Amino acid sequence: MQHTLIALVEDRPGVLNRVASLFRRRAFNIESLTVGHTEQPGISRMTIVVDSDNVSVERVTAYLYKLVNVIQVEDVTRRPTVSRDLAMIKVSVTPTNRTEIIQLVDVFRARIVDVANESMIIEITGDEEKIDGFVEVLRPYGIVEMVRTGLVSMLRGSATGNAQPIALNGNGKMVKMYGTV
Amino acid sequence: MKYTGAQILLESLIREGVKVIFGYPGGANLPIYDAMGQYPIHHVLGRHEQGLTHMADGYARAGGGVGVAMATSGPGATNMVTGIATAMMDSSPIVCITGQVASYYIGYDAFQETDITGITLPITKHNYLVTDAHDIGHTVREAFYIARTGRPGPVLIDIAKDAQQTAIEWSYDDSPIRMPGYRPDLSPLPADLQRAVELIQSAKRPVILAGRGVLMSNAMREVLAFAEKTQTPVAMTLLGLGGFPASHELALGMMGMHGESWTNRAIQEADLLLAFGMRFDDRVTGNVKNYAPGARKIHIDIDPSEINKNIKVDVPLIGDLRETLNLLMPHVCDCDHQEWIDHIKQMKDEVRPRDIQNLPDVGKLYAAHVINDLWRFTGGQALLVTDVGQHQMWAAQYYWLDRPNHLITSGGLGTMGFGLPAAIGAKIARPDANVWVVCGDGGFQMTNAELSTAVQEGVKVNIAVINNGYLGMVRQWQEFFYERRYNGTPMRSPDFVKLAEAHGVTGMRVTTRGEVERAIRSAEETEGTVVIDFRVEPEDSVYPMVPAGAALDAMIRRPQPTVPELEFDEI
């Protein structure tokens, strides 16, 4: 099944390579991986979706913790989250089906961001199922090009995936986060 | 005060207690060499960068602290790869420092440029590319801290040449380190400790599996006390040998592919396995599907990623072995497993007649005899460094170690050519040790150029070349599994006596068992390095053997002695 991991990593050159290389080296498949800044300077946040069983996800988590630049890893698969993926879809249009497509865009609460004589670009945000559904609906009209950002996730409520000054370590032990030697 | 990057590096190395660098100069690390003269650091010039990393590794394993190897960019750096991977697999703390082309050349395929941080990413515990002199100080601090803490391992620092040359205002105290993601201070959960105690108390047929973690956490005394209190037999991994005295009545010797049959059968029949700082390598478990089917498993390891990796365990205890055993000890009561111990002893007695030590002397020179004689004539006190192959397994079987840290061998990666350079590093770390290298004719020739290093450094190591004219372990596999098609394994070697003499050291040749003692004693009395060419039986095999992928108790047994006129009782 698909697991969603949130990893907080140090914002340094090569960290993405280290994470990606780990998945390759240990033969795990990444379904999607997104990375970007957080509200804390120097810390980036990755949302990683992997397709594997529970035991393997525990292994991935342990391996991620072995990377010196990885600060915190959380498997949010079974926790209440808001997850979003963004897609831009370039679809071919004709004068006859243009209105039809615009109606579909409204139904899915997507947005038209570019219009040309023979095509338009539609932007849609949502969870993966919604986007997959929209793509299927558009497919008969002819999809010229599509790009997706991959999933980002955030825990619902006041729980956060932020790095805590005191955090759980790889084996659940409480440790100080910013210790120096 | 102003320092160049090279000076900052050396200042920082001194602060880390570095006394020796195993290195090889080149264009991209010349600024470091230029500054080296000002510092009390001894430089050992190797003959190949693979040898340098093995020397640093041997130095670290012999107890010298974090070993330091240095090379230039490009081929210098790539030649280190085998040594780094070896250190990674055996959790050996080394720091490798490579020169890199100037930062403004990086990415342009400059002369001798190679992406060594990219190349070594999966075979280092961590690595760094430093392009600014300001980053050198704290990087060295971090690198040494990472290399020696938690589960130790190799760290590589790649330093651009311009960063070595730039002079900046610097003081060591201005090099604070901040590693929010690195937390080696793990300890087991109380609930897991409680469950472990319950399993230990209720076990009827327990076995301790002692790995290299016993030595690295310095837990020999704790393991001994635990084993005696709970009356639990102790099997060891190859790298765990010496962690528990071989002559102790609870010692089972080495487990796994070339473990003795009673050892592997005891593990298969056990109802509780206590894994102490080991990782259930496939050479130890055989087929994992039917590994110790009736046993509950308690796994103590400092590395959380080892838990449930190869073998699913019932209780994981993540933390330092010594600390964890000290937490467990007060809660386990004295146990009595006399029936179990007697049962193992009975299995042991059944195979004793097959033991090569109980075979009659038929005038042939067997490698196992040579190694056991070496044990006898060195009083079991040598610091033994092996290469990889048959001789390594015979050393594990017949050089019985009662003390820790007297065997250095490449286990995880199985690196041929490891022996001689590792021994040079070990001898430099422990100048008073009686260092013996046991290697094959194949492995010796992979790195025998380092004989020159030994001579230049005035280092004395005794080298026993177990010369059977084959790549023996591969030949053995061909004999067992490929119908004796000896393709690629027969090996013609140079005259090792003359090779030794060409290097200005002593060479000897031994062809009969009667000469073994004299050669060993004479080697020990000789001042410099000695190479002994032991011409042993060409087609001898290591028994017992668990074929790769077979169950641990499905062993190819040692053949019955083929000398009909002798009764075992008379031998």
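Predicted model: local features only at pLDDT ≥ 70, side-chain atom pairs only at ≥ 80, totals over all residues.
**Figure 1. Domain 1 and domain 2 of chain A.** Chain A contains four helices and eleven strands. Of its 181 residues, 27% are buried. Among contacts in chain A between residues at least 6 apart in sequence, 69% connect residues at least 24 apart. The domain assignment divides this chain into domain 1 (2-80 + 156-172) and domain 2 (81-152). A distance of 30 Å lies between the C-alpha centres of domain 1 of chain A and domain 2 of chain A. Where these domains touch, ten residues of domain 1 of chain A are in contact with seven residues of domain 2 of chain A. On the domain 1 side, the elements that give two or more residues are β2 (30-37) and β3 (43-51) of chain A. Strand β2(A) supplies the largest share of that side, with three residues. By residue class, the side of domain 1 of chain A that touches domain 2 of chain A comprises four nonpolar, four polar and two charged residues.

**Figure 2. Surroundings of A:Val152.** A:Val152 belongs to strand β9 of chain A, which covers residues 152-155. Is A:Val152 buried or exposed? It has 20 C-beta neighbours inside 10 Å and therefore counts as buried. When its neighbours within four places in sequence are left aside, A:Val152 is in contact with A:Thr34, A:Thr47 and A:Arg84. A:Thr4 is 148 residues from A:Val152 in sequence, and the C-alpha atoms of the two residues are 9.0 Å apart in space.

**Figure 3. The six-stranded open sheet of chain B containing β6 and β7.** The strands of this sheet follow the order β3-β2-β4-β5-β7-β6 (chain B) and pair in parallel. Strands β3 (42-45) and β6 (126-130) of chain B stand at the edges; each has a single partner strand, so one side of each is left without a neighbour in the sheet. From one strand to the next, the twist averages 20°. Strand β6(B) is joined to β7(B), residues 155-160, in the parallel sense over five bridges. Within this pair, B:Tyr128 is opposite B:Ile157 in β7(B). Helix α7 of chain B (residues 136-148) packs on the sheet and touches β5 (94-100), β6 and β7 of chain B. The direction of α7(B) makes about 165° with that of β7(B).

**Figure 4. The six-stranded open sheet of chain B containing β9 and β12.** The strand order here is β11-β10-β9-β12-β13-β14 (chain B), with parallel pairing. At the edges stand β11 (251-254) and β14 (315-318) of chain B, each with a single partner strand, so that one side of each has no neighbour in the sheet. On average, neighbouring strands of this sheet are turned by 15° against each other, direction ignored. Strands β9 (residues 206-210) and β12 (residues 272-276) of chain B are paired in the parallel sense over five bridges.

**Figure 5. Domain 1 and domain 2 of chain B.** For chain B, the domain assignment gives domain 1 (2-174), domain 2 (190-350) and domain 3 (367-535). The centres of domain 1 of chain B and domain 2 of chain B, taken over C-alpha atoms, are separated by 37 Å. Five residues from domain 1 of chain B and five residues from domain 2 of chain B take part in the contact. On the side of domain 1 of chain B that touches domain 2 of chain B, one residue is nonpolar, two are polar and two are charged.

Terms used: Residues numbered from 1 in each chain as written. Chains lettered and ligands numbered in written order. Pairing = 2+ DSSP bridges. Axes fitted to C-alpha atoms, helices over the stretch in contact; angles between N-to-C directions. Contact = placed C-beta atoms within 7 Å. Domains from an automatic or database assignment. Nonpolar A, V, L, I, M, F, W, Y, C, P; charged D, E, K, R; others polar. Buried ≥ 20, exposed ≤ 12 C-beta atoms within 10 Å, placed from the backbone.
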